[in-house]
Amino acid sequence: MQLTSEEQDMLAGKQGKAKRKAMELLVALGAIYGADRLIPITSAHLSGVSYKTIGEGGIDFLEEMAADGKVCVPTTLNPMGMDGERWKEMGVDEHFAQRQMHIISLYEKMGVEVSCTCTPYLLTNRPKVGDHIAWAESSALSFANSVLGARTNREGGPGALAAAITGRTPNYGLHLDQNRKATHVVVVEKGITKDEWSLVGHSVGRKLGACIPFFRGLGSDVNGLKSLAAAMAAAGSVAMFMVEKATPEQPDTLEGLPVVNITREDIEDTVKRLRTGKKPDLIAIGCPHLSESEMKELADLLDGKKKKGDVEVWFCTSKGIWLRCPKERAVLERFGKVLCDTCMVVAPIEVGHKVTASDSAKACAYLPGLCSQKVFCGSRRELMELIL
Ligand code: F3S
């Protein structure tokens, strides 16, 4: 890989230890993937935030990087393992909370914006068409590639941090035009609604694995697209997709592309596969984090109604959206907790819960393995009916 003289200085440690380590990582990645050079990025988004997922090993790495490392592009963070204020109500213990806040302080020291969300594109970190970025968090990077037309590979936490510290990423994969071509045409059966796009995403990811699907018969609803992106990334490592008339990049030709149909039967089959539990003790909504319009829709649905039963309910969102929705929050708080900066997958929910209900195919796919949960997968309306 060709390095500029500044990049060579970084690699030689002339600009500090963190930059040297970051550059070593990027050079190694570049060699593995055959990159010709490093390219400048306009933003980064980091995963590896929850104490539950990174543990003490992750803290050691962050301490090393934070000793003299600073990010040099706007950089945001994924959800952490708890709400920074309501962690006791979530059943999180003191030790976890203390280590979690230490992680956040290390990122803060490096200049990272510490609002912790998987939907940074709804707030301050919204790249433009053609921007090269280095994002971790599979749902967010797929949304950025597909809906925003920015360019990122599926970064891991350390790779994205290295890119943020040097302001560069290796030039390969989805940064290159030739790798941003549709590989399949996916036709979604009429009658499948936007509330089911998460299940569509899981079905496509499971059927096709890593691919770049071009969807026909879908639509452009942003909330639906963020659910689709998350589910496809979780089930099939899909990092980019296109939607007819809705995404900035469209296929040059459909000729020769295999056609895959997603039918009502596929949706029912996906629900059956994901539904492993019956009576939830936690209903968790907001994977990916709830947008302003979703907060509104939920509040409209629940306003004037009374909660039945004592099942715990979490509505997960970012602090930024939380701040914008005081009225909606007041309604939702009568039914459960509106939690910020965390989610049902990266929080230690296994300590207090056994069966979790979610309308997100991504959450339903991860909850058994990452949180030892049985899962009740259902539509948002279906989940709300459990408490009305
Ligand atoms: Fe976001 Fe957590 Fe889902 S990070 S995409 S809410 S698993």
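Let's start with Ser-142, which sits in helix α5, residues 138-146. Helices here are DSSP runs of H or I with at least four residues, strands are runs of E with at least two, and both are numbered from the N terminus. Ser-142 is buried, with a relative accessible area of 0%. Buried means under 20% relative accessible area, exposed means over 50%, and partly exposed is in between, using a 1.4 Å probe and protein chains only. What does Ser-142 touch, leaving out residues up to four places away in sequence? Val-147, Ala-229, Val-238, Ala-239, Met-240 and Phe-241. Contact means heavy atoms within 4.5 Å.

A word on the source. This is a predicted model: local features need pLDDT of at least 70, side-chain atom pairs count only at pLDDT 80 or more, and totals for chains, interfaces and linings use all residues. Residues are numbered from 1 along each chain as its sequence is written, and side-chain values use heavy atoms, without hydrogens and water.

Now the ligand. It sits in the largest pocket. A pocket is an open set of points on a 1 Å grid over the protein atoms alone, where a 1.4 Å probe fits, with protein on both sides within 12 Å along at least five of seven lines.

A cis peptide bond joins Cys-287 and Pro-288, with omega about -5°. Most peptide bonds are trans, and most residues other than glycine have a negative phi.

On phi, look at two residues. Ser-237 is not a glycine, yet its phi is positive, about 55°. Ser-237 lies in the loop between α8 (222-236) and β9 (242-243). Buried, exposed or partly exposed? Ser-237 is partly exposed, at 37% relative accessible area.

Next, Asp-341. This non-glycine residue also has a positive phi, about 70°. Its loop runs between β13 (337-340) and β14 (355-358). Asp-341 counts as buried, at 11% relative accessibility.

Notes
1 Å grid on protein atoms, 1.4 Å probe; cavity = no way out; pocket = protein on both sides within 12 Å on 5 of 7 lines; lining within 4 Å. Sits in = over half its atoms within 2 Å of the grid points.
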